[in-house]
Amino acid sequence: MATTEECRAALDKLSDTMRGAEGDVRSATELDRSVSCHITDLDVTFTGRMADGRIDVRETLEGPPRERAEIRLAMTGDDLVALVAGELNFARAWGSGRVKLEAGLRDLLRLRKLL
């Protein structure tokens with residue numbers, strides 16, 4: 001089982017990857033939105049902001065998200081680490097319910113470019 005520190009490192013790596021993206025993927029990462037990522041097996045939530053093509057994690061909270069972020073993710077720590085490492089396909093994980101992504105319709109349409 002992935003630790004809180006490994007999950008935070010995975011989010012930092014994802015942020016770095018987003019920052020280096022180009023073309024359509026880069027445009028999808030340039031949203032300015034609040035973000036939460038609930039790690040279900042650890043019952044920890046990372047909250048922050050997606051802006052300027054990266055994710056700025058500002059807090060690590062015990063339990064589920066306290067506020068409704070504009071972009072909300074939920075998954076196990078192992079799935080987060082596997083996604084960022086390229087070992088788990090996001091679209092398949094989302095389609096099967098292993099990863100939950102909630103956002104407004106416009107944001108979902110824009111974020112699909114990341115898939």
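Reader: Is Arg33 buried, partly exposed or exposed?
Author: Arg33 counts as partly exposed, at 24% relative accessibility. Buried means under 20% relative accessible area, exposed over 50%, and partly exposed lies in between (1.4 Å probe, protein chains only).

Reader: What kind of model is this, and how are residues numbered?
Author: This is a predicted model, where local features need pLDDT of at least 70 and side-chain atom pairs count only at pLDDT 80 or more, while totals for chains, interfaces and linings use all residues. Residues are numbered from 1 along each chain as its sequence is written, and side-chain values use heavy atoms, with hydrogens and water left out.

Reader: Back to Arg33. Which side chain meets Arg33 in a salt bridge?
Author: Asp107 does, at 2.9 Å from N to O. A salt bridge here is a side-chain nitrogen of Lys or Arg within 4 Å of a carboxyl oxygen of Asp or Glu.

Reader: What does that pair tie together?
Author: Arg33 lies in strand β1 and Asp107 in helix α5 (residues 105–111), so the pair ties together parts that are 74 residues apart in sequence. Helices (H or I, at least four residues) and strands (E, at least two) are DSSP runs, numbered from the N terminus.

Reader: And Asp107, buried or exposed?
Author: Asp107 is buried, with a relative accessible area of 8%.

Reader: How many residues of β1 are buried?
Author: 6 of the 7 residues in β1 (residues 33–39) are buried.

Reader: What does β1 pair with?
Author: β1 pairs with strand β2 (residues 44–51) in the antiparallel sense, over 7 bridges. β1 also runs parallel to strand β4 (residues 71–75), joined by 5 bridges. Two strands pair if DSSP finds at least two bridges between them.

Reader: Which residues face each other there?
Author: Met50 in β2 is the bridge partner of Arg33. On the β4 side, Val35 stands opposite Ile71.

Reader: What about the hairpin of β1 and β2? Where is the positive phi?
Author: At Asp43, with phi near 50°. The hairpin has 4 residues between the strands.

Reader: Switching to Arg72. Where is it, and is it buried or exposed?
Author: Arg72 is found in strand β4. Arg72 counts as buried, at 14% relative accessibility.

Reader: What lies 2.4 Å from a polar atom of its side chain?
Author: The backbone oxygen of Ala69. A polar contact is a pair of N or O atoms within 3.5 Å; within protein, one must be able to donate a hydrogen and the other to accept it, and residues adjacent in sequence count only if both atoms are side-chain atoms.

Reader: Which residues does Arg72 contact, leaving aside neighbours within four places in sequence?
Author: Arg72 is in contact (heavy atoms within 4.5 Å) with Ser36, Lys100, Leu101, Glu102 and Ala103.

Reader: How many salt bridges does the structure hold?
Author: The structure holds 8. Asp32, Arg49 and Glu70 are linked in a network of them.

Reader: What does Asp16 pair with?
Author: Asp16 forms a salt bridge with Arg54, with the closest N and O atoms 3.7 Å apart. Asp16 lies in helix α1 and Arg54 in strand β3 (residues 54–62), so the pair ties together parts that are 38 residues apart in sequence.

Reader: And which side chain does Asp12 meet?
Author: Asp12 meets Arg8 in a salt bridge, at 3.3 Å from N to O. They are separated by about one helical turn, because they are 4 residues apart in helix α1 (residues 4–19).
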